[in-house]
Amino acid sequence: LLGAIGDERVLEGLHFDSYPIVEKVTPILTAYKMVSRDFQKEDSVISIGGVKLGGGHLAVISGPCAIESYEQLYTTAVGIKESGGTILRGGAFKPRTSPYSFQGLGVEGLKILNRVSQEVGLPTVTEIVDICDVDSVEEYADAFQIGARNMQNYRLLQAVGKRNKPVILKRGLAATVDDLLMSAEYIASEGNTNIILCERGIRTFETATRNTLDLNAVPYLKQHCHLPVIVDPSHGTGVRELVQPMAAASVAAGADGIMIETHCNPTMALSDGKQSLDLEQFEDLMVYISKFVDVVGKEMQNKS
Ligand code: PEP
Ligand code: MN
């Protein structure tokens, strides 16, 4: 069995079906090919700095929306680790809606992330917003995050596709799940198949919450694609009190991980304070979701 991927016009021109050694040519019907279940039946298991996601492994990624200082990240990371969180997140390059909002500490933030990661023993993920930062994010973090606003930034997708580090690809604010899969295909087609998909809520007519968390996406993506799927109920709801129940619902729906914004002092957070849990609330969430993790028969594993 041989798979061929590339420009459809070129493949047709090769007339594979006329070769005597070829019994049958079956086109893969989905527009996305490498990430599709047709292409690979078994779940992909992706490791972020030794912590696995997919194939029965569930990870809890947590940390502040933005890295604000060494003290802030260190205190938050220690609390997350003590409660059983498995991967540390924190933005150094923040894609803010307003140009006047805190934009992140940049490379200085990446260095803080790297230092805290080593001191606390948690692997890391951080957002990349520009191709020119691929080298520095790769140097200081264990995984790239492509944010909702850049899901269809195809040059950026191709740039991380040329590297080996895992990529967490978040669903765009107004993107369909098939758009998300096509964006994942952009990364995979460059050679990097270490991709994790993230549902983080979409824009709807509903205004009571920041976004509408589309949990339909979880089983849909799991059925059509072999990549791990995680959920971010922090951005999905935008409301601290809704994060724990929706995190549990995400696990119940089959997610391979959750991403939770946690801050050592949410009232002072420079971004997304309203949706950030404090360390005690994060501990409560971990205790609560562990029952759901057991029910779905998944395993939460720390860095080995
Ligand atoms: C984030 O994870 O802090 C973030 C900006 O998320 P999103 O891209 O989903 O808005
Ligand atoms: Mn945020």
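Is H235 buried or exposed? I found H235 buried, at a relative accessible area of 8%; buried means under 20%, exposed over 50% and partly exposed in between, with a 1.4 Å probe and protein chains only.

A note on the ground rules: this is a predicted model, where local features need pLDDT of at least 70, side-chain atom pairs count only at pLDDT 80 or more, and totals for chains, interfaces and linings use all residues. Residues are numbered from 1 along each chain as written, chains are lettered from A and ligands numbered from 1 in written order, and side-chain values use heavy atoms, without hydrogens and water.

Metal site. I see the manganese ion (ligand 2) coordinated by C65 (SG), H235 (NE2), E261 (OE) and D272 (OD), at 2.0 to 2.4 Å. Donors here are N, O and S atoms within 2.8 Å of the metal (3.2 Å for Na, K and Ca); water is not among the atoms, so sites may look incomplete. H235 lies in helix α8 (residues 233-237) and E261 in strand β10 (residues 257-261), so the pair ties together parts 26 residues apart in sequence. Helices (H or I, at least four residues) and strands (E, at least two) are DSSP runs, numbered from the N terminus. E261 is buried too, at 1% relative accessible area.

Surface. I looked up Y19 next: Y19 sits in the loop between α1 (8-13) and β1 (46-48), and counts as partly exposed at 39% relative accessibility. I also checked E82, which belongs to helix α2 (residues 70-83) and is exposed, with a relative accessible area of 67%.
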